[in-house]
Amino acid sequence: MRIGVLTGGGDCPGLNAVIRAVVHRSIKAYGWSVVGFRHGWRGLLQSEVEDLDLKKVSGILPRGGTILGTSRTNPYQEPGGEARIRQELSGRGVDILAVIGGEDTLGVAKKLHETGVRLVGIPKTIDNDVNGTDYTFGFDTALSIATEAIDRLHTTAESHDRVIVVEVMGRHAGWIALESGVAGGADMILIPEYPVSVEEVCDVVRRRHERGKNFSIIVVAEGARLKDEGGTVQVQSERRDAFGHVRLGGIGATLAERIEERTGFESRYSVLGHIQRGGSPTAYDRFLGTRFGVAAVDLAKRGGFGRMVAIRGMKIVDVPIAEALGSPKTVDREFYELAKVFST
Ligand code: F6P
């Protein structure tokens with residue numbers, strides 16, 4: 001048996017832990033050979049491949065990014081994409097594919113599986129917004145980075161009596177903003193799920209000043225919307241990627257400007273951007289990635305094609321890939337209410 005593995009979409013810390021686990025489990029438990037396709041679906045379209053063995057994955061566990069490279073290539077936007085993938089798989093003698101990706105990559109996996117490709121899915125994203133699983137690896141690392149950044153911004157905001165707006169990632173869901181904001185003691189947290197107005201933010205800042213607090217930290221997810229600023233997401237570029245996504249960004253700057261205009265308090269903003277996706281994964285992400293990798297190979301061995309591994313509570317389970325698709329896993333009201341305790 002020969003298993004292929006690929007990583008698609010935005011990278012995230014913990015991908016190498018998964019690749020390593022897939023290689024170890026496949027070779028040691030089942031005697032399978034492993035081949036890696038480079039740059040996500042692009043590797044299958046352009047024959048970018050490399051054999052993977054125990055030596056190749058030695059030392060990669062603490063490394064960020066993905067040794068296979070990644071891309072946002074969508075084979076369904078490429079001429080004859082589906083047929084070319086099937087050809088590449090059979091030409092290389094690959095029986096099974098392990099697809100590591102978020103909603104877009106898994107969406108392609110589902111379609112391919114419906115044409116008879118034998119594959120299993122492994123959900124990833126720092127945004128933690130993939131449905132069907134409680135957590136995706138990469139999220140914990142992004143959360144730690146964002147929390148540390150908030151801690152650092154606190155001391156400079158306090159020293160200068162400033163409002164600092166921190167813009168974090170989170171396209172459809174505010175998990176990073178909410179959890180890092182609560183962990184970092186933010187004074188207000190804005191997430192895509194619950195739009196607020198600039199005036200509500202200004203009120204929080206004003207109330208803090210009345211209480212003698214001359215600085216504030218506001219955490220905002222890039223996908224959040226301001227009710228009184230058109231209620232739409234702010235984009236850096238209208239150009240769409242192969243899955244139809246525009247590049248988000250700008251709400252942090254807008255918010256800081258409006259707060260200063262309306263309250264008179266000096267304001268700054270900081271955009272964490274890809275810093276949240278880079279660098280070494282936390283122990284949690286290495287452990288979860290490893291569990292996912294081993295479980296995905298076992299799932300393939302059992303013939304659980306068209307399914308993906310997931311974590312529910314403490315347990316690794318498997319669910320149809322379709323569960324991850326359609327709508328993002330958004331922040332529950334209960335979590336949002338928790339954050340609100342500290343902004344009133
Ligand atoms: O991986 C998801 C994500 O981190 C989103 O939060 C963000 O909008 C997007 O990736 C940015 O992706 P890119 O690497 O294409 O700029």
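Select helix 4 (103–114), strand 6 (163–168), strand 9 (235–237) and strand 10 (247–248): each contributes at least two residues to the lining of the largest pocket. Helices here are DSSP runs of H or I of at least four residues, strands are E runs of at least two, and both are numbered from the N terminus. The model is predicted, so local features need pLDDT of at least 70 and side-chain atom pairs pLDDT 80 or more, whereas totals for chains, interfaces and linings use all residues. Residues are numbered from 1 along each chain as its sequence is written, and side-chain values use heavy atoms, without hydrogens and water.

Keep helix 4 highlighted; with 3 residues, helix 4 gives the most to this lining. The largest pocket has a volume of about 870 Å³. Next, show Arg72, Arg171, Glu222, Asp241 and Arg277, the closest to its centre among 37 lining residues. A pocket is an open set of points on a 1 Å grid over the protein atoms alone where a 1.4 Å probe fits, with protein on both sides within 12 Å along at least five of seven lines; lining residues have an atom within 4 Å of a point. Volume is the space filled by probe spheres set on the points, which are joined across faces, edges and corners.

Colour domain 1 (2–138 + 281–324) and domain 2 (139–278): the largest pocket lies between them, because both give residues to its lining. The domain bounds come from an automatic or database assignment.

Move to the second largest pocket, of about 210 Å³. Of its 14 lining residues, select Met188, Glu200, Tyr336, Lys340 and Ser343, which lie nearest its centre. Strand 7 (188–190), helix 7 (198–210) and helix 10 (333–340) each give two or more residues to that lining.
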